[in-house]
Amino acid sequence: MSNSKPTEPNEFTLYEKLLRELYYVENVKRGLLNMIELNDALGRPLEDPSIRIIHVAGTNGKGSVALKTSRVLELSGLRVGLLISPHIASFRERMSINGELISEQEVELYLPKILDVCNVHNTPATFFEITTALSFVYFKENAVDVVVLETGLGGRLDATNVIQKPDLCIITSIGLEHTAILGDTVEIIAKEKAGIIKKGCPILVGPNVPHDVIRECAVEKEAEGYYISDEVLGGD
């Protein structure tokens with residue numbers, strides 16, 4: 001946790017003070033260790049057999065796919081949690097249930113507990129890791145049926161990838177992005193995105209991916225099946 005926080009005038013609400021503290025958290029990526037420690041300390045909120053999880057990665061389209069997927073599930077009568085990033089106007093946009101954004105009061109309720117866990121366990125979690133953990137607790141406490149998780153960056157080392165038993169993994173597309181972090185070829189980046197694939201979990205992929213690379217990763221990880229969106233949904 002960073003110690004360089006500004007002084008806070010009394011006129012700030014608790015919600016505003018918490019966000020200011022969150023925004024001044026150190027944001028250096030260190031792999032999954034911090035997120036694993038944080039998730040463990042919180043009791044692994046989403047490792048509940050009653051909660052189904054859909055994990056979405058990709059270069060383009062992952063946000064819209066996550067949103068549309070959550071909406072379809074909601075219309076089928078389910079209570080659906082959605083984690084997306086980044087936000088545009090409000091931090092609350094990052095997590096919602098059936099289209100309703102997390103409230104300021106819920107942020108005030110859950111975020112201090114997560115920040116306290118980081119301090120007690122001396123876990124230098126990043127902004128995105130803390131935000132992801134906040135969404136996990138929020139979804140668990142609100143008894144959702146399904147959670148749709150959009151990765152923040154990449155896949156293999158993304159904070160959302162502490163989830164070990166998703167019910168469906170989706171990779172929308174692969175292109176050159178964040179090459180200093182993810183790699184300088186589409187194939188290398190594809191392997192990073194494919195890091196969300198888990199044993200026994202089906203994977204749905206879009207048309208604009210190096211299928212040979214993704215299929216190889218799916219076989220290595222013993223995915224339940226490999227499905228191409230155009231073949232499942234019907235392409236033009």
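Predicted model: local features only at pLDDT ≥ 70, side-chain atom pairs only at ≥ 80, totals over all residues.
Is the crossing of H2 and H5 left-handed or right-handed?

1. The crossing of H2 with H5 is right-handed. Helix H2 covers residues 33-41 and helix H5 residues 127-141, and the two pack with their axes 10 Å apart at an angle of about 30°. Angles under 35 degrees count as roughly parallel, so that is how H2 and H5 lie to each other.

2. Who makes this contact? H2 contributes Asn34, Met35, Leu38 and Asn39, while H5 brings Glu129, Ile130, Thr132, Ala133 and Phe136. Sorted by class, the contact of H2 with H5 holds five nonpolar residues, three polar ones and one charged.

3. On to the rings: searching the whole structure turns up three aromatic pairs. One of them joins tyrosine 23 and phenylalanine 127, a stacked pair with 5.5 Å centre to centre and 20° between the planes. Its partners sit 104 residues apart in the chain, tyrosine 23 in helix H1 (residues 14-23) and phenylalanine 127 in helix H5. Tyrosine 23 is partly exposed at 41% relative accessible area, whereas phenylalanine 127 is buried at 11%.

4. Phenylalanine 127 also pairs with phenylalanine 91: their ring centres are 6.2 Å apart and the planes stand at 75°, so this pair is edge-to-face. Phenylalanine 91 belongs to the loop between strand E2 (80-83) and strand E3 (95-97), 36 residues away from phenylalanine 127 in helix H5. Both phenylalanine 91 and phenylalanine 127 are buried.

5. Taken together, ring pairs link Tyr23, Phe91 and Phe127 into a cluster.

Key. Residues numbered from 1 in each chain as written. Heavy atoms only, no water. Axes fitted to C-alpha atoms, helices over the stretch in contact; angles between N-to-C directions. Helix = DSSP H or I, 4+ residues; strand = E, 2+ residues; numbered from the N terminus. Parallel < 35°, antiparallel > 145°, perpendicular 65-115°, else oblique. Left-handed = near helix turned anticlockwise from the far one by under 90°. Contact = heavy atoms within 4.5 Å. Nonpolar A, V, L, I, M, F, W, Y, C, P; charged D, E, K, R; others polar. Phe/Tyr/Trp six-rings, centres within 6.5 Å; stacked < 30°, edge-to-face > 60°. Buried < 20%, exposed > 50% of the residue type's maximum accessible area, 1.4 Å probe, protein only.
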